[in-house]
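Let's walk through this structure together, one region at a time. Keep the 3D view open and turn it as you read.

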Amino acid sequence: MKIQPLIQKLGKHRKFALELLICFAAGTLYAAALPPFNLEFLAYVTLVPLLRIIYRKKPLAAAFCGWIWGFGWSFFAYRFLREINPVIPYLLPPVLSLWPAVWAAAASYMLQKTLTDEKNRFLTGTLAVFGCAALFTLVEWTRSRLFVWNDLGVTQWRNIPLIQIASVTGSYGVNYLVALGNLAIFICFFKKRRTAAIAPILLIISVMIWGNHRSETISKQIHKGSVWKPVLIQGDLSQRRHATRMQAEEALEIYGSLSMKALQQYPESRFIIWPESAIPLSYYTEIDMREFIMRNPNVLNNLRYQQLVRLLTVNFKCRMLIGALDYASVKSDPYAEPVASNSALFFDENGKVLRKYSKIHRVPFGEYIPFRKFIPKFITDYIDMGRDIVSGTDHEPLQLAPGVSAGVAICYEGVFGYITRESAKRGANLLIVLSNDAWYPRSSEPEQHLANAVMRSVETGLDMIRSGNNGGSGVVTRTGVFTQCYSEGSSRPELWRGRTIRQVKVNISPEVRRTVYVRYGEFFILILMLIVSAWTATIYFLRKGLNK
């Protein structure tokens, strides 16, 4: 047996194991740049060690390195899901890590083909930086079609000047700039092509200068227009997926008493906003409760729920917007079981439902089970909520008060740009997000939820009112600053959880200028595709020239 070759082989494996460990550690930098740590500067170096390692590797080995890097990110970035089920944080990372694995494989191949050209160092180096960053952002964009949460751009949610670019490009413009910063550092320090780092660095600096100017300009103009002053109710209830009778009665008492206190304390407001699923009972907007109770005597608390809303609206002459699980009749089949929707119900001063917005983008495996009939029953029984809610289809804003046209999103919907963009296109001059993070009483999920939603205000150029059951209640300005939150002396007021009321003030502009993103949508994705195409074409012609 030859010992020397064996030692060399083991040495190579040891080196590869060390590289994998570095990739995993680099991925954790990405997670640390997200809430709760918010070390946003780490986002600009998280890809650098991975790029250094995959540059000389074959695509398959590079893909494995990218997969390990993705594991380091996703395992820690999604640890909050353990509060739903302790198994999820172990099942999700192997799937989500496939996206960075694909990018790493493609990046290693294309970087090698580009950076081996020494004749056109500036051109090929610059193309490699812009092209590789574009490729990373496109891969992130495809991941968002499955699960949009905690992309690279979210790490910059408190970097107000930088995120202004989202008003033009959407949130993926921020993602691209952060990836661009990583590529500039890599090519400058590890490939010794400093001139190729000039253009991306200048672009990032230019965007920051422009963004600072934009946010200052908007801040000066933000007080123009009328002021609307609704009152937010934060009941701070625990998660009550299957509420007992006593839990339901407690919720009715808490939200009822807080609402009455708010109307007495702020008599000029006359508008109450409750968060998503404020009361752990179903609301029946299109069903005669008297007849329903005769058939279902256990829904007496549901009747009290309706009576409480009528009491608040009629007696205090106020309007209300509440998040509720609503059951409605199937109009095409009067004998069918009522269907459920996660809705925002808008009541007038007479307790009548003027408008109903039903959640359009449902949470898979939380609000419905995809491909239910193909999944074994013992699995669906374990994760089932007892019903699949139906998806809404109406993006029309709600006319909540004179001059107030609100685009509504419910909880998870607040992280999807297309939801709020559609409302803005249809004339909304305000965004309202009803949320409930009671599923996550101890983790960083509520802050991550807020961070993921901040971009919606910048993208649309609209202020956002967030009404949460146990935190994250306040106003996100159209420049992405979270304000008017419950403070109670907390060093991080946006995270304060407690039972309280809060009157917020938002300026409603008579004319809203649509942002570039609202007008043209995700055109930036097409630009990224063109950049990657140009990079690919350059590689082709370079290789063709070298082979002659």
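Helix H6 gives three residues to the lining of the largest cavity, the largest share of any element. This is a predicted model, and in it there are two cavities of 30 Å³ or more. The largest cavity holds about 40 Å³ of space. Around that space you will find Tyr30, Trp69, Trp73, Trp99, Pro100, Phe136, Val139 and Glu140. Besides H6, helix H3 (59-77) and helix H5 (98-115) each give two or more residues to this lining. Sorted by class, the lining has seven nonpolar residues, no polar ones and one charged residue. Where does such a picture of enclosed space come from? Rolling a probe the size of a water molecule over the atoms shows where empty space is left.

Stay with Glu140 for a moment, as this lining residue also has a charged partner. Glu140 forms a salt bridge with Arg143, and the closest N and O atoms are 3.1 Å apart. Why are the two separated by about one helical turn? Arg143 and Glu140 are three residues apart in helix H6, which covers residues 121-144, so about one turn lies between them. The general rule is a handy one: an α-helix has 3.6 residues a turn, so residues three or four places apart point the same way. Are Arg143 and Glu140 buried or exposed? Both are buried.

How many salt bridges does the structure hold in total? There are 13. The idea behind them is simple, since side chains of opposite charge can pair when their charged atoms come close. Another of these pairs is made by the side chains of Arg355 and Asp394, at 3.4 Å from N to O. Arg355 sits in strand S7 (residues 353-358), while Asp394 belongs to the loop between helix H14 (377-383) and strand S8 (398-401), so this pair ties together parts that are 39 residues apart in sequence. Arg355 counts as partly exposed because its relative accessibility is 25%, and Asp394 is also partly exposed, at 32%.

Next, look at Glu422 and Arg426, which form a salt bridge with closest N and O atoms 3.4 Å apart. With a relative accessibility of 18%, Glu422 counts as buried, whereas Arg426, at 39%, counts as partly exposed. This pair belongs to a network: salt bridges with shared partners join Glu396, Glu422, Lys425 and Arg426.

Now move to helix H13 (residues 300-316), where you will find Thr313. Thr313 is buried, and its relative accessible area is 0%. Which residues does Thr313 touch, leaving out those up to four places away in sequence? They are Cys318, Met320, Phe347, Asp348, Glu349, Asn350 and Gly351.

Our last stop is helix H16, which spans residues 445-460 and has 16 residues. From its first C-alpha to its last, H16 reaches 24 Å, close to the 22 Å expected at 1.5 Å a residue. Because 16 of the 16 residues of H16 are buried, this helix is largely enclosed by the rest of the structure.

Notes:
Residues are numbered from 1 along each chain as its sequence is written. This is a predicted model: local features need pLDDT of at least 70, side-chain atom pairs count only at pLDDT 80 or more; totals for chains, interfaces and linings use all residues. Side-chain values use heavy atoms; hydrogens and water are left out. A salt bridge is a side-chain nitrogen of Lys or Arg within 4 Å of a carboxyl oxygen of Asp or Glu. Helices (H or I, at least four residues) and strands (E, at least two) are DSSP runs, numbered from the N terminus. Buried means under 20% relative accessible area, exposed over 50%, partly exposed in between (1.4 Å probe, protein chains only). Contact means heavy atoms within 4.5 Å. The expected span of a helix is 1.5 Å times one less than its number of residues. On a 1 Å grid over the protein atoms alone, a cavity is a set of points where a 1.4 Å probe fits but cannot get out, and a pocket is an open set with protein on both sides within 12 Å along at least five of seven lines; lining residues have an atom within 4 Å of a point. Grid points are joined across faces, edges and corners, and a volume is the space filled by probe spheres set on the points. Ala, Val, Leu, Ile, Met, Phe, Trp, Tyr, Cys and Pro count as nonpolar, Asp, Glu, Lys and Arg as charged, and the others, Gly among them, as polar.
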